[in-house]
Amino acid sequence: MMKRFISGFLAAGLVIGSLSGCGVSTNTGATQGAGGTTESSAATVKATGTEEQITWMFWDNLDATEDLITKGYKQVIDRFNEQYKGKYYCNVVTSNLEDYYTKLNALVAAGNTPDVFICDPGPNLTQYVDVGVAADLTDILKNKESEWYKTFNDGIFERITYDGKIMAVPTNFAAACVFYNTEIFKKAGVEVPKDYNDLIEACKKIKEAGYTPISCSAGTSWCLSMIAGYLCDREGGPDNLIAVNEGKLDWTNKSFIDAGTKLKELSQYFQDSAAGDSNDQATANFYNGEAAMLVQGSWAIAQINGNNPEFESKCGIFQFPGIEGGANPNRMIVKTDNLVMSSSTKHQEASLALLKMFTDDTAQRYTAEVAGKIPVTAVKIDFDKAPKQFAYISDMMKTVTGTLGFYNESLASVEAGDFFDNAMVDIYLGNATPEEAFQKVQDFYTKNVWKK
Amino acid sequence: MNKLLEDKKAAVIFLAPAFLLFTLILFVPIIQVIYYSFCNYTGLTKPDFVGLKNYIYMFTSDETMKTALKNSIFFMVFSGITQQVIGLFLAVILTNLKWGRNLFKNIYYLPCVLSSAALGLLWAFLLNPKIGLNQLLGMIGVQGPNWLFATKGLIPLPMWVIGFVALWQYVGQTMMLYMAQISGISRDIYEASYIDGASKSRAFIHITLPLIRPMLVTTLSLNCIGSLKFFDLIYNMTQGGPNHTTEVLASHLYTQGFKFFKYGYASSISIVLLILCMVMTVVISKCIKVETYEA
C-alpha cells in the first residue's frame, strides 16, 4: 500500500512538473521558448489571458543586460502592458544578437512570425520585404496616422522605404565613430588625428606608451568590416559603393585594394586577441582602459556607460579620419534600429499601439538622455541629462555632409555582406593579400550578383 | 505465433503504427528534401524547380563547400582512428581492472551524457585568449596559440582542437560498447590460451581482437556517421569561423538554410551528407569481414 502511495505521489509530481514546465512565465521574465529563444514578459504586469496578446522579438535579453538601450526597450514594454492593461498584452521573445536572424527566420519559415520584430536596414530587411513578411506601413503612416508620421525627423525613413513603400518604423539612430580614451591620449602625447596618416602616427605613439592603440573584434566580423567600410568609403566615396552594386565598377578597383592595404596596416595596432575577441570583449577592452580607441556605432555609448559609468568623463569621440587624396571624409556610417510589423498579424491595432509607444516622447527622450543614441523624432532633449558622448555625436552630425549605411548592409544581399566581412577578416588574418581578398569578392559578385 | 502471422489482418494492424511513423517522420521528409534539393527554395515562397543547378554550384563554385567537405572528412578520419584506438585501449584496461572499474567507467562516460552545447561553450571559454588556457600559459611566459581562431594550414588548429574535444566527449561511448563485447568473451578461451603458453598481448591479438570485430563494425559506423553529421561543438565553439575555415557539412547546411534562407541549396548539401553517410556504412560493412564465433 505504501509502495503504491509513493509511486502515485511521484507520478503526480512528474506530471505536475511536466505541465508546469510547459507554462509561460509572466512575472519572472524568462522561460524557454521554441528554438532556444527566451520568452520573457514584463515584470510589473501579468497577462490575465483575456487581453489581445501580441509578440515582439528582440535581439537582447531584456532582463539580463547592462545595455541601456535594451533597458529602455524593457521600459517601453512595461509601459505598454501597464497602459493597455486588460486590453493588449505584449509577450517578448528574445535571442542573443548572433543567433537573432537564424531564429527569426526559423519562426518566419514555420509560419509563426512575431507580430512585431526588430530588424537591421539593408539586405536583412529586404529579404522580409521581398517575401512579403513585412507589412506595408505607408498608408497607415501617411494617411491614417499622419500626426504620428509628422513627429519623425526628415529623411529617417529613407533606408527602410522600398519603391515608395515604408516597410518599418525606426526607433533610434546611430552613427559609427571613433571613441577614444582621453587619458591614454594625454599620457601618450597624442592629439585627435586629422587624417589617416595622423591616425597611424597616433597608434605608434600609443603602442610605445604601452597601451593597445585600437580595440577591435575580428571574431565578430562585422566589427572589423566597419573599419574596412570606412576605409573603402574614405578611399573611393559613395560612388564606388553604388557602382559595385550596379555592376559598373569592379571590386578589384585600386580604391578597394588601397583600402584593404590600409586595413592590414591599421590592424597591426589591434589587441593581440582581436582574432578571437567578440564584439562585447572588444568593447570591454576599451571601457576597461586597456585600449585607446574603439571604432563603433554610437549604440556603444549605452554599453560603455552602462558597464562602466566612470568612463563617461574620459570618453571622447572623433569622426573616422579621411585619407589624403581620397574622397570627402565628411561622411558617417549610420543606421537605424527598425521595427517591422508582420504582414500576417491578426493584431494590427495592438501592434501599431506598440510601435507608437516605441517612438513616443518618453521613449525617444530616454534614447537620447539615458542611452545616448539619436532620437528619430524631433523630441526636445535636455543635453545636461544626456551622456557627454551624445552631445559630441550631435555636434558631429551637424557638420556631416553625407551618410552611408554599414558597408556590409549596403551590399546586394545578406550573403554578399557576409562575403565582404569574411574577405576583410582574411586580410586581417593574413590569409589573403588585399588583391586576393577583393578578387574573391569580385568572383562572388560576378557569379551571384551581376550574373555575368 | 505462426498462426498469428498467417492472419494478414493482424500483420497489417501490428505493422501499421511503425509503418505510419516511419513514413511520416522519416520517409516523407526525405523525399521532400530530395525534391527541394532540385529547387530554388527560400522557405517562404513556393519551390522553383531548377534541376541540377544547386549540385553544379556546390561542386564547381562553392569554396566553402570544399572546406566543409575537407573538414568533415578530416573529422571522420580523426574521430574514427582516435576513438577506436583509445576507446578500445580504455575498454581493455578497465575490463582487466580489479578495483575502481565502475568509477573510471563513469568518469570516462560522463562527458557523453552532458549537453554538447554546454560543453562547447565550456571549451570555448577555456580556450578563449582573454580568459582561458592562454592566461595560464602567459603566467609561465608562454604565449599560447589562437586555439579557436588560427587559420593556417591544410587542417587549421581549431579543427584539431574540436577533434580533441569530440574525442574527449565521445570516447566513453566507444569504450562502453567495447567493454560490453569484451565482457561477453568466455574466460575459458583466455585460460586455455594461457595454458598453451600465450602471453597477455598474444591473447589480446589472437583472441580479443577477432572476437570484438562485430563491435568494431558497429562502433566504426557510429563514429563515422556521427562525425560526418557533426554540428553542435562546431556551432558552439567557432560557428564555422573564422571565415568558414572550420565549417563542416552540417554547419554549412545550417548557415545556407537558416542564415541566407537558401533552403533549396541547404537541402542539396543534406543529400550529399546523406549519401556520404550511406557510402561509409556500406564501405565499413563490406571491408571488415565479420565471422561469428561461439565465444
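Let's start with a kink: helix α5 of chain B bends by about 30° at B:I107, and a proline, B:P111, follows within four residues. Keep in mind that everything here comes from a predicted model.

## How confident is the predictor?

For the model as a whole, the scores are ipTM 0.72 and pTM 0.78. Chain B has an average pLDDT of 90, with 96% of its residues scoring at least 70.

Chain A comes in with an average pLDDT of 86, and 90% of its residues score at least 70. Residues 13-43 of chain A are a stretch to treat with care, as the pLDDT there is below 50. Beyond near neighbours in sequence, that stretch still has 44 contacts in the model.

## What UniProt says about chain B

An unreviewed UniProt entry lists "transmembrane region" for residues 12-38, 73-95, 107-127, 147-171 and 263-284 of chain B. Here is how two of these look in the model. Residues 73-95 of chain B are 100% helix and 0% strand, and the C-alpha atoms at the ends lie 32 Å apart. For residues 107-127 of chain B the figures are 86% helix and 0% strand, with 22 Å between the end C-alpha atoms.

The unreviewed entry also places "domain: ABC transmembrane type-1" at residues 69-284 of chain B. In the model, that span of chain B is 75% helix and 0% strand, and its end C-alpha atoms are 19 Å apart.

## A look at B:A10

B:A10 sits in helix α2 of chain B, which covers residues 8-36. Is B:A10 buried or exposed? B:A10 counts as exposed, because it has 12 C-beta neighbours inside 10 Å, and 12 or fewer is the cut-off for that label.

For a sense of distance, take B:A150: it is 140 residues from B:A10 in sequence, and the C-alpha atoms of the two are 61 Å apart in space.

## Where the chains meet

How many residues does each chain bring to the contact? Chain A brings 24 residues and chain B brings 19.

Methods. Residues numbered from 1 in each chain as written. Chains lettered and ligands numbered in written order. Predicted model: local features only at pLDDT ≥ 70, side-chain atom pairs only at ≥ 80, totals over all residues. UniProt positions renumbered as here; feature names shortened; annotations may be inferred. Helix = DSSP H or I, 4+ residues; strand = E, 2+ residues; numbered from the N terminus. pLDDT = per-residue confidence, 0-100. Contact = placed C-beta atoms within 7 Å. Bend = angle between axes of the 7 residues up to and from the residue. Buried ≥ 20, exposed ≤ 12 C-beta atoms within 10 Å, placed from the backbone.
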